[in-house]
Amino acid sequence: MRAIVVDEFGLPERLRVREAAKPVPGPGEVLVETHAAPVNYVDMLVVGGTYQFLPPRPFIPGKGPAGVVAALGPGVTTLKVGDRVLAMAETGGYAEAVAVAAVQCHRLPPSMPIVEAASLAVVYDTSWVALRSRARLLPGETVLVLGASGGIGHASVQLARAMGARVLGGISRPERETAARAAGADAIIDLSRPNLRDSLREQVYAETDGRGVDVIIDPLGGEVFTAAIRALAWCGRLVVIGFAAGSIPTLKTNYLLLKNIEISGLQITDYRYRRPAELVTCYAELFDFYERGLVKPAPATVFPLDRAGEALAAVRDRRIDGRAVLRLHED
């Protein structure tokens, strides 16, 4: 089969297609013919060797491909050949087929195109766990989503609205306002204003009658985290998802006492393997929201497999609005 194979960690521009052996599904696994694979920021970290969990080399990168079940391994009874699934593989998505544990495969709604399923992968389940499990979001609460026009941000804005929250979208560039509002942001918080430490809180307080927000979703880190935590309401919760702004912030923990606030972190891979039943619940609700028109993945820019390196570089350099997806087979 055709695949992107990484022999040595490095820049995405070095990636090339080559022939690789088609995997054989083991006990409890299925073979998925990959139709589309999302191009994730985390894939670039894995390819570059800078992610906290790295597979042994050589490996095929790519998390969360979508496709069709082509074969069943021993003991699989929950899926059948021909099922359209989102396969939450940790690696292997940048190839024409991948073997995945059946429990990590989620059957798609009939109305969901494969490319949209791939666009949903990784970002929507991350955002769901952040809001439902880590932040324990309640209807009527107010959520500040930092980086609201990015992949996690777009998903978090939509899901928070679907879960009954009022949503403030934090953006660092004015041209991103349209995308944040289209996703469902009720108001915009400008992260590019001078003196962010004070200006972020001032904007949030103006939108919440001086109360602050109940939940903050933070995929950015850096000085944005330091400023945003000051905008939490009493008993507010902030979920750290990543550090796309480039630096890892620190916090004096006495601040947690002063307002009875909580800071938690989310590494979604652990949830997939430690709490697979929770991810089944997650995808059931995500697909229900999709069928009810409450969430819709951002429009995808589609690349062929042999341009995977170009797609990853475009994600790295923020040259793509919405999601990047590799198309390997037609539906």
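Student: Is Phe53 buried, partly exposed or exposed?

Tutor: Buried means under 20% relative accessible area, exposed over 50%, and partly exposed in between, with a 1.4 Å probe and protein chains only. Phe53 has a relative accessible area of 44% and is therefore partly exposed, whereas Tyr51, at 13%, is buried. This is a predicted model, in which local features need pLDDT of at least 70 and side-chain atom pairs count only at pLDDT 80 or more, while totals for chains, interfaces and linings use all residues. Residues are numbered from 1 along each chain as its sequence is written, and side-chain values use heavy atoms, leaving out hydrogens and water.

Student: How many aromatic pairs does the structure hold?

Tutor: Rings of Phe, Tyr and Trp (its six-membered ring) pair if their centres lie within 6.5 Å, and planes under 30 degrees apart count as stacked, over 60 as edge-to-face and the rest as tilted. The structure holds three such pairs. One of them is the tilted pair of Phe9 and Phe59, with 6.0 Å centre to centre and 45 degrees between the planes. Phe59 is buried, with a relative accessible area of 6%. The rings of Tyr51 and Phe53 have centres 6.2 Å apart and planes at 75 degrees, so this pair is edge-to-face.

Student: Which side chain does Arg132 join through a polar contact?

Tutor: A polar contact is a pair of N or O atoms within 3.5 Å; within protein, one must be able to donate a hydrogen and the other to accept it, and residues adjacent in sequence count only if both atoms are side-chain atoms. Here the side chains of Arg132 and Glu285 are joined by one of 2.9 Å.
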